[in-house]
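Dear colleague,

Please find the sequence and the model below.

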Amino acid sequence: MGKVYVFDHPLIQHKLTYIRNKETGTKEFRELIDEVASLMAFEITRDLPLKDVEVETPVGIARSKMIAGKKLGLVPILRAGLGMVDGILKLIPAAKVGHVGLYRDPETLKPVEYYVKLPKDIEERELIVIDPMLATGGSAVEAIHALKKRGANHIKLMCLVAAPEGVEAVQKAHSDVDIYLAAMDDKLNDKGYIIPGLGDAGDRLFGTK
Ligand code: URA
């Protein structure tokens, strides 16, 4: 069973309160999502393996550390996932970025791929799938499936806010995927919104309605 981590860093929690506030406008919302994404990137990379290296300083040789192991890849789910990419890239600038776009089939109500563009070497990368809202979990489950069927084998899921239903769906479908959150909320309403949540993340990020 994949683990669930809720990042309780005070800065993340403080900024999330402003993100949730319905009075927060598009510009500030976007900036806050960007900042929280950076802070979450800091937390999610905490267990990256290190290797020992030597580096010549102006006055001697230092035994120092560098990140070892798999290279990283970010995979935002279109469109709201895009809002978190730049914040993560500020800390992990060498990460490659793929994209997954899904639409909901009006008859089956299931998410269907309409766009998938990934780095060539995804099987050698540790991938972080990004979507601010983990609601029913349908999109995240399908996006992870899209990556796995193309060879990905190390996947993490990063979301801002989740409903228990979404977490359960991902855990059931992908027991190897750990989930990283800023908050676990109460439930979904009958329109699929996370309660209390923050509303429609895509609309608030891009100023649409
Ligand atoms: N997507 C959103 O943007 N918000 C929700 O509450 C649920 C899904």
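L109 is placed in the loop between strand 6 and strand 7, where helices (H or I, at least four residues) and strands (E, at least two) are DSSP runs numbered from the N terminus. Although L109 is not a glycine, its phi is positive, near 65 degrees. As to the basis of these notes, this is a predicted model, in which local features need pLDDT of at least 70 and side-chain atom pairs count only at pLDDT 80 or more, while totals for chains, interfaces and linings use all residues. Residues are numbered from 1 along each chain as its sequence is written, and side-chain values use heavy atoms, with hydrogens and water left out.

There are also cis peptide bonds to report. One joins L78 and R79, with omega about 0 degrees; R79 belongs to the loop between strand 4 and helix 3 (82–91). Another runs from I195 to P196, again with omega near 0 degrees, and P196 is found in the loop between strand 15 (194–195) and helix 6.

I turn now to the ligand. Its shell consists of M133, A135, G192, Y193, I194, G199, D200 and A201, a residue being near if one of its heavy atoms lies within 4 Å. By class, the shell holds five nonpolar residues, two polar and one charged; Ala, Val, Leu, Ile, Met, Phe, Trp, Tyr, Cys and Pro count as nonpolar, Asp, Glu, Lys and Arg as charged, and the others, Gly among them, as polar. A backbone N or O atom of I194 is 2.7 Å from a ligand oxygen, and a polar backbone atom of A201 is 2.7 Å from an oxygen of the ligand. At G199, a backbone N or O atom lies 2.8 Å from a ligand nitrogen. The ligand taken alone exposes 240 Å², of which the protein buries 83% (Shrake-Rupley method, 1.4 Å probe).

Where does the ligand sit? The space that it takes is the largest pocket, by the criterion that more than half of its atoms lie within 2 Å of the grid points. On a 1 Å grid over the protein atoms alone, a pocket is an open set of points with protein on both sides within 12 Å along at least five of seven lines, a cavity is a set where a 1.4 Å probe fits but cannot get out, and lining residues have an atom within 4 Å of a point.

The largest pocket contains about 950 Å³ of space, a volume being the space filled by probe spheres set on the points, which are joined across faces, edges and corners. It is lined by 31 residues, and R104, D131, A135, T136 and S139 are the closest to its centre. Helix 4 gives the largest share of this lining, five residues. The lining comprises 16 nonpolar, seven polar and eight charged residues.

The second largest pocket has a volume of about 320 Å³. Of its 14 lining residues, L48, I67, L72, I92 and A94 lie nearest the centre; nine of the lining residues are nonpolar, two polar and three charged.

Finally, the structure holds one cavity of 30 Å³ or more.

With kind regards

Methods. A polar contact is a pair of N or O atoms within 3.5 Å; within protein, one must be able to donate a hydrogen and the other to accept it, and residues adjacent in sequence count only if both atoms are side-chain atoms.
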